[in-house]
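Work through the exercises below with the coordinates open. Try each task before reading its solution.

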Amino acid sequence: MIGAGAGNTTFADISAPMEESQLVHIIRKPDWAISEAHATPEETFLNRRQLIKNWGMAGLGLAAAAAIRPGRAFGAEDPTADLYPAMRNESFVLDRALTPETVNSSYNNFYEFGSHKQIWKAAQALKTSPWDIEIDGLVEQPMTIGFEDLVRKIPLEERLYRHRCVEAWSMTIPWTGFPLSELVALAKPLSSAKYVRFETFLNPDVATGQRQSWYPWPYVEGVTIEEAGNDLAFMVTGAYGHPLDKQFGAPIRLALPWKYGFKSIKSISRISFTDTRPVSFWENILQKEYGFWANVNPAVPHPRWSQAEERILHTGDKVETLIYNGYGDQVADLYKNMKGEPLFM
Ligand SMILES: Nc1nc2c(c(=O)[nH]1)N[C@H]1C(S)=C(S)[C@@H](COP(=O)(O)O)O[C@H]1N2
Ligand SMILES: [Mo]
């Protein structure tokens with residue numbers, strides 16, 4: 001089924017398996033009481049082990065622990081773990097609760113690992129260290145930079161962001177990373193560069209979804225240079241106070257919270273500066289439904305469903321969607337002279 005994962009997902013669908021959603025329900029309160037963003041990964045892990053004990057859940061064994069933190073609870077130590085947790089930038093505030101980590105890390109769109117939401121286990125096959133990122137195109141000097149070098153060149157900060165999928169579900173998440181503008185500065189683009197084009201890795205041996213040849217792999221996304229310079233555009237290297245779990249698009253992905261989620265490309269391996277507008281993965285598949293701009297707007301329906309409301313993950317609450325996903329103050333100016341452009345699809 002085609003359409004940023006929309007076709008097989010109904011508005012009210014919460015696809016987490018039963019045992020997992022029950023567990024998530026059970027651990028919901030302690031999850032927030034821990035305040036993970038300010039705990040080290042080890043503390044978080046120990047706290048959780050303690051929790052499991054205290055709550056008499058130890059008997060549920062490995063499966064339960066994995067459900068508590070899909071993909072990392074028993075994973076190898078990350079070579080960049082020492083950088084976390086980063087200081088929270090308090091200027092990014094939310095109007096609703098954070099989505100529990102257990103929920104966000106077991107409900108993902110990552111077509112490289114399957115066209116459904118339960119890809120977290122499959123995504124663990126991705127080898128994210130070492131990880132090279134190519135920077136090329138209209139730059140002073142094309143380069144290849146190792147992720148572990150890059151992430152130590154720019155100070156990390158934590159931001160609480162909203163995320164609105166084009167499928168009409170939404171989440172909130174504490175991302176850690178650095179402004180995209182810092183990476184642009186490092187890349188030194190020429191004045192002729194008008195767009196930044198991002199590409200995800202290509203490795204069908206590991207990412208079984210990439211064996212499906214009717215998709216135009218690798219995943220591609222793009223923004224204008226002006227959008228890349230907006231402070232909200234964020235390169236994400238971590239979430240919930242530790243390095244990114246693979247299902248979130250480790251080791252580095254984008255977050256563009258005023259745009260539909262498909263613009264926030266994961267597991268980036270190439271960044272190109274260009275004077276031609278990139279054609280993104282979903283635009284390439286269904287140009288009538290997924291445009292270049294894809295700014296959130298409740299008044300512009302997707303051709304197959306309304307965008308007026310969204311379903312908040314975990315609580316299931318339906319709330320009104322906001323123009324630019326609530327970030328209009330920061331981004332509306334980017335578009336003030338673009339009346340003819342389809343800014344909202
Ligand atoms: N490479 C790649 N990036 C991607 C996707 C994808 O399938 N592949 N899905 C997009 C979509 S549709 C959404 S909603 C978000 C989901 O991010 P999350 O799984 O961290 O919530 O990632 C976006 N980035
Ligand atoms: Mo999405």
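The exercises treat a predicted model, and each task is followed by a worked solution.

**Exercise 1. The ligand shell**

Find how many residues surround ligand 1, and sort them into nonpolar, polar and charged.

Solution. Start with the count: 18 residues surround ligand 1. The closest are Tyr-111, Glu-112, Thr-200, Ser-264 and Lys-266. Next, sort the shell. It divides into 9 nonpolar, 6 polar and 3 charged residues.

**Exercise 2. Polar contacts and cover**

Which atoms of ligand 1 lie close enough to Asn-109, Thr-200 and Lys-266 for a polar contact, with a cut-off of 3.5 Å?

Solution. Take the residues in turn.

- Lys-266: an N or O atom of its side chain is 2.6 Å from an oxygen atom of ligand 1.
- Thr-200: an N or O atom of its side chain is 3.0 Å from a nitrogen atom of ligand 1.
- Asn-109: here the backbone supplies the N or O atom, 3.3 Å from a nitrogen atom of ligand 1.

Now check the cover. On its own, ligand 1 has 530 Å² of accessible area, and the protein covers 100% of it. Finish with the location: ligand 1 sits in the largest cavity.

**Exercise 3. Backbone geometry in loops**

Solution. Take the prolines, then the alanine.

- Trp-217 to Pro-218 is cis, with omega near -5 degrees. Pro-218 is in the loop between strand 5 (195–200) and strand 6 (220–224).
- Ala-250 to Pro-251 is cis, with omega near -5 degrees. Pro-251 lies in the loop between strand 8 (242–243) and strand 9 (253–255).
- Ala-168 is not a glycine, yet its phi is positive, about 80 degrees. Ala-168 lies in the loop between strand 3 and strand 4 (169–179).

Notes
Residues numbered from 1 in each chain as written. Chains lettered and ligands numbered in written order. Predicted model: local features only at pLDDT ≥ 70, side-chain atom pairs only at ≥ 80, totals over all residues. Heavy atoms only, no water. Near = heavy atom within 4 Å. Polar contact = N/O pair within 3.5 Å; in protein donor to acceptor, adjacent residues only side chain to side chain. Areas by Shrake-Rupley, 256 points an atom, 1.4 Å probe, with all protein chains shown as cover. 1 Å grid on protein atoms, 1.4 Å probe; cavity = no way out; pocket = protein on both sides within 12 Å on 5 of 7 lines; lining within 4 Å. Sits in = over half its atoms within 2 Å of the grid points. Nonpolar A, V, L, I, M, F, W, Y, C, P; charged D, E, K, R; others polar. Helix = DSSP H or I, 4+ residues; strand = E, 2+ residues; numbered from the N terminus.
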